Amino acid sequence: PVIKQTLLEKIDKQEQALSRKLTKNEKASLKDEVMIDLMPRAFSKYNYYWLWIDTENKRIVVDCSSFKQTEDILAILRKELGALALTPLSIDKPLEQIMTTWVKEKLNFSPFILGDQAELKDPLEGNGIISCKNQEITSDEMRIHFDSGKWITKMKIVDERGVNFIVNSDLTFKRIKFDSIILDENEDI
(Lines give C-alpha, C1' and ligand atoms only; values in the text may rest on other atoms or scores of the structure.)
Protein backbone atom coordinates (compact mmCIF):
# COMPACT_ATOMS: atom_id res chain seq x y z
CA PRO A 1 0.00 0.00 0.00
CA VAL A 2 2.84 2.42 0.76
CA ILE A 3 4.43 1.82 -2.64
CA LYS A 4 1.10 2.21 -4.41
CA GLN A 5 0.28 5.44 -2.59
CA THR A 6 3.73 6.93 -3.25
CA LEU A 7 3.57 5.88 -6.89
CA LEU A 8 0.15 7.50 -7.38
CA GLU A 9 1.40 10.73 -5.84
CA LYS A 10 4.50 10.73 -8.07
CA ILE A 11 2.44 9.99 -11.21
CA ASP A 12 0.01 12.79 -10.35
CA LYS A 13 2.86 15.26 -9.77
CA GLN A 14 4.56 14.27 -13.04
CA GLU A 15 1.30 14.52 -15.05
CA GLN A 16 0.62 17.99 -13.67
CA ALA A 17 4.15 19.14 -14.48
CA LEU A 18 3.94 17.81 -18.05
CA SER A 19 0.23 18.70 -18.53
CA ARG A 20 -0.48 15.28 -20.05
CA LYS A 21 -1.13 11.67 -19.08
CA LEU A 22 1.92 9.46 -18.63
CA THR A 23 2.45 6.46 -20.88
CA LYS A 24 2.52 2.92 -19.57
CA ASN A 25 6.33 2.79 -19.91
CA GLU A 26 6.74 6.08 -18.03
CA LYS A 27 4.55 4.77 -15.20
CA ALA A 28 6.56 1.53 -15.09
CA SER A 29 9.85 3.41 -14.80
CA LEU A 30 8.38 5.60 -12.03
CA LYS A 31 7.30 2.45 -10.20
CA ASP A 32 10.85 1.10 -10.41
CA GLU A 33 12.18 4.38 -8.98
CA VAL A 34 9.69 4.28 -6.12
CA MET A 35 10.53 0.64 -5.35
CA ILE A 36 14.27 1.34 -5.29
CA ASP A 37 13.72 4.43 -3.15
CA LEU A 38 11.40 2.77 -0.60
CA MET A 39 12.85 -0.75 -0.29
CA PRO A 40 15.50 0.09 2.35
CA ARG A 41 12.80 1.42 4.68
CA ALA A 42 10.51 -0.58 6.94
CA PHE A 43 6.79 0.16 7.06
CA SER A 44 4.18 -0.61 9.64
CA LYS A 45 0.94 -2.26 8.71
CA TYR A 46 -2.08 -0.86 10.48
CA ASN A 47 -5.32 -2.72 11.07
CA TYR A 48 -8.43 -1.42 12.74
CA TYR A 49 -10.92 -3.60 14.59
CA TRP A 50 -14.17 -2.67 16.27
CA LEU A 51 -15.12 -3.90 19.73
CA TRP A 52 -18.43 -3.54 21.44
CA ILE A 53 -18.09 -3.75 25.19
CA ASP A 54 -21.57 -4.37 26.58
CA THR A 55 -21.16 -3.78 30.32
CA GLU A 56 -24.87 -4.22 31.03
CA ASN A 57 -24.99 -7.81 29.70
CA LYS A 58 -21.29 -8.51 30.41
CA ARG A 59 -20.30 -9.24 26.79
CA ILE A 60 -17.60 -8.24 24.38
CA VAL A 61 -18.35 -8.47 20.67
CA VAL A 62 -15.39 -8.33 18.28
CA ASP A 63 -15.75 -7.45 14.59
CA CYS A 64 -13.08 -9.45 12.77
CA SER A 65 -12.82 -12.29 10.30
CA SER A 66 -11.41 -15.18 12.34
CA PHE A 67 -11.35 -16.73 15.80
CA LYS A 68 -7.55 -16.30 15.98
CA GLN A 69 -7.81 -12.57 15.30
CA THR A 70 -10.45 -12.32 18.01
CA GLU A 71 -8.14 -14.05 20.49
CA ASP A 72 -5.25 -11.73 19.53
CA ILE A 73 -7.44 -8.64 20.02
CA LEU A 74 -8.69 -9.89 23.39
CA ALA A 75 -5.10 -10.64 24.43
CA ILE A 76 -4.19 -6.99 23.75
CA LEU A 77 -7.24 -5.89 25.74
CA ARG A 78 -6.23 -8.15 28.65
CA LYS A 79 -2.69 -6.76 28.54
CA GLU A 80 -3.93 -3.16 28.65
CA LEU A 81 -6.45 -3.77 31.44
CA GLY A 82 -4.14 -5.96 33.51
CA ALA A 83 -6.67 -8.76 33.92
CA LEU A 84 -9.83 -9.72 32.11
CA ALA A 85 -11.56 -13.03 32.72
CA LEU A 86 -13.51 -14.03 29.62
CA THR A 87 -15.31 -17.17 28.59
CA PRO A 88 -16.71 -17.78 25.11
CA LEU A 89 -20.47 -17.59 24.80
CA SER A 90 -21.96 -21.04 25.18
CA ILE A 91 -25.43 -22.54 24.99
CA ASP A 92 -26.96 -25.73 26.42
CA LYS A 93 -27.85 -27.42 23.12
CA PRO A 94 -25.76 -27.51 19.96
CA LEU A 95 -26.67 -24.54 17.77
CA GLU A 96 -27.04 -26.92 14.81
CA GLN A 97 -29.89 -28.66 16.63
CA ILE A 98 -31.55 -25.35 17.54
CA MET A 99 -31.37 -23.99 13.97
CA THR A 100 -32.71 -27.26 12.58
CA THR A 101 -35.67 -27.03 14.98
CA TRP A 102 -36.34 -23.44 13.86
CA VAL A 103 -36.55 -24.57 10.24
CA LYS A 104 -38.52 -27.78 10.90
CA GLU A 105 -41.12 -25.90 12.93
CA LYS A 106 -41.00 -22.83 10.60
CA LEU A 107 -40.29 -20.51 13.54
CA ASN A 108 -39.69 -16.79 13.09
CA PHE A 109 -38.57 -14.41 15.80
CA SER A 110 -39.68 -10.93 14.81
CA PRO A 111 -37.99 -8.91 13.33
CA PHE A 112 -35.92 -11.87 12.09
CA ILE A 113 -37.10 -14.33 9.46
CA LEU A 114 -35.47 -17.43 8.01
CA GLY A 115 -33.52 -16.73 4.84
CA ASP A 116 -33.11 -18.69 1.62
CA GLN A 117 -29.66 -20.13 2.23
CA ALA A 118 -28.40 -22.98 4.42
CA GLU A 119 -25.75 -25.64 4.79
CA LEU A 120 -26.63 -29.06 6.18
CA LYS A 121 -24.36 -31.81 7.53
CA ASP A 122 -24.75 -35.18 9.14
CA PRO A 123 -23.68 -34.63 12.79
CA LEU A 124 -22.51 -38.22 13.29
CA GLU A 125 -20.72 -39.10 10.09
CA GLY A 126 -19.51 -35.60 9.27
CA ASN A 127 -19.70 -36.13 5.53
CA GLY A 128 -22.43 -35.37 3.04
CA ILE A 129 -22.56 -31.59 3.03
CA ILE A 130 -25.55 -29.97 1.34
CA SER A 131 -25.37 -26.26 0.46
CA CYS A 132 -28.53 -24.47 -0.62
CA LYS A 133 -28.91 -20.98 -2.05
CA ASN A 134 -32.13 -19.34 -3.23
CA GLN A 135 -34.02 -22.28 -1.72
CA GLU A 136 -37.05 -22.18 0.55
CA ILE A 137 -35.41 -23.86 3.54
CA THR A 138 -38.73 -24.83 5.14
CA SER A 139 -39.84 -26.77 2.04
CA ASP A 140 -40.70 -30.49 1.89
CA GLU A 141 -37.55 -31.04 -0.16
CA MET A 142 -35.45 -29.79 2.77
CA ARG A 143 -37.52 -31.79 5.26
CA ILE A 144 -36.30 -34.99 3.56
CA HIS A 145 -32.73 -34.05 4.50
CA PHE A 146 -33.76 -33.31 8.10
CA ASP A 147 -35.57 -36.65 8.30
CA SER A 148 -32.39 -38.40 7.12
CA GLY A 149 -30.57 -36.91 10.12
CA LYS A 150 -28.87 -33.83 8.70
CA TRP A 151 -28.59 -30.67 10.81
CA ILE A 152 -28.22 -27.07 9.72
CA THR A 153 -24.68 -25.78 10.31
CA LYS A 154 -25.05 -22.41 8.55
CA MET A 155 -28.18 -20.43 7.88
CA LYS A 156 -29.12 -17.07 6.44
CA ILE A 157 -31.21 -14.87 8.70
CA VAL A 158 -33.00 -11.78 7.37
CA ASP A 159 -33.90 -8.82 9.54
CA GLU A 160 -37.14 -7.21 8.32
CA ARG A 161 -35.48 -3.81 8.86
CA GLY A 162 -32.94 -4.47 6.09
CA VAL A 163 -29.99 -6.52 7.37
CA ASN A 164 -29.14 -10.10 6.46
CA PHE A 165 -26.34 -12.36 7.63
CA ILE A 166 -25.17 -15.96 7.89
CA VAL A 167 -25.12 -17.47 11.38
CA ASN A 168 -22.65 -20.34 11.81
CA SER A 169 -22.78 -23.23 14.26
CA ASP A 170 -19.94 -21.67 16.30
CA LEU A 171 -22.07 -18.53 16.96
CA THR A 172 -20.16 -16.37 14.48
CA PHE A 173 -21.88 -14.09 11.99
CA LYS A 174 -20.57 -13.86 8.43
CA ARG A 175 -21.49 -11.92 5.30
CA ILE A 176 -23.41 -9.18 7.11
CA LYS A 177 -25.09 -7.07 4.43
CA PHE A 178 -27.16 -3.95 4.76
CA ASP A 179 -30.06 -3.18 2.43
CA SER A 180 -29.68 -0.08 0.25
CA ILE A 181 -32.46 1.61 2.26
CA ILE A 182 -30.37 1.43 5.46
CA LEU A 183 -27.27 2.60 3.61
CA ASP A 184 -29.16 5.56 2.15
CA GLU A 185 -30.65 6.53 5.53
CA ASN A 186 -27.21 6.50 7.14
CA GLU A 187 -25.22 8.01 4.29
CA ASP A 188 -24.40 11.09 6.37
CA ILE A 189 -22.54 9.01 8.99
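Select lysine 156 first: this residue is buried, with a relative accessible area of 17%. Here buried means under 20% relative accessible area, exposed means over 50%, and partly exposed lies in between (1.4 Å probe, protein chains only). The structure is a predicted model, in which local features need pLDDT of at least 70 and side-chain atom pairs count only at pLDDT 80 or more, while totals for chains, interfaces and linings use all residues. Residues are numbered from 1 along each chain as its sequence is written, and side-chain values use heavy atoms, with hydrogens and water left out.

**Stop 1: the partner of lysine 156**

Aspartate 116 and lysine 156 form a salt bridge, with the closest N and O atoms 3.6 Å apart. Because aspartate 116 belongs to strand β3 (residues 112-121) and lysine 156 to strand β5 (residues 151-159), the pair ties together parts that are 40 residues apart in sequence. Aspartate 116 is partly exposed, at 28% relative accessible area. A salt bridge is a side-chain nitrogen of Lys or Arg within 4 Å of a carboxyl oxygen of Asp or Glu. Strands and helices are DSSP runs numbered from the N terminus (helices H or I, at least four residues; strands E, at least two).

**Stop 2: the sheet around β3 and β5**

Next, display the strands β4, β3, β5, β6 and β7. In that order, five strands form an open sheet with antiparallel pairing. Its edge strands, each pairing on one side only, are β4 (130-133) and β7 (173-178). From one strand to the next, the twist averages 20°. Two strands pair if DSSP finds at least two bridges between them; β3 and β4, running antiparallel, are joined by four bridges. To view this pairing, select glutamine 117, which stands opposite lysine 133 in β4.

**Stop 3: the helices on the sheet**

Select helix α4 (residues 95-104), which lies across β3, β5 and β6 (163-168) and runs at about 60° to β5. Axes are lines fitted to C-alpha atoms, for helices over the stretch in contact, and angles run from 0 to 180 degrees between N-to-C directions. Contact means heavy atoms within 4.5 Å.

**Stop 4: lysine 150**

Move to the loop between α5 and β5, where lysine 150 is placed. Lysine 150 is buried yet has no salt bridge; the nearest side chain of opposite charge is aspartate 122, 5.0 Å away. For charge, Lys and Arg count as positive and Asp and Glu as negative, while His and the chain ends are not counted. Apart from its neighbours within four places in sequence, lysine 150 has contacts that include Thr100, Leu120, Asp122, Ile130 and His145.

**Stop 5: the hairpin**

Select residues 50-54 and 59-63. These are strands β1 and β2, which run antiparallel and are joined by five bridges. Aspartate 54 has arginine 59 of β2 as its bridge partner. The two strands form a hairpin with four residues between them, and lysine 58 in the turn has a positive phi of about 55°. Lysine 58 is exposed, with a relative accessible area of 77%.

**Stop 6: the loop between α1 and α2**

Serine 19 is located between α1 (2-18) and α2 (24-38). Serine 19 has a positive phi of about 60° although it is not a glycine. Its relative accessibility is 66%, so serine 19 counts as exposed. Now select the adjacent residue in numbering, arginine 20, together with glutamate 26: they form a salt bridge whose closest N and O atoms are 2.8 Å apart. Both ends are partly exposed, arginine 20 at 38% and glutamate 26 at 27%.

**Stop 7: helix α3 and the cysteines**

Helix α3 (residues 67-81) holds both aspartate 72 and lysine 68, four residues apart, about one turn of the helix. Their side chains meet in a salt bridge (3.0 Å, N to O). Aspartate 72 is partly exposed at 38%, whereas lysine 68 is exposed at 57%. Over the whole structure, the search finds four salt bridges.

Finally, select cysteine 64 and cysteine 132. The former is partly exposed at 22%, and the latter is buried at 10%. The whole structure contains zero disulfides, a disulfide being a pair of cysteine sulfur atoms within 2.5 Å.
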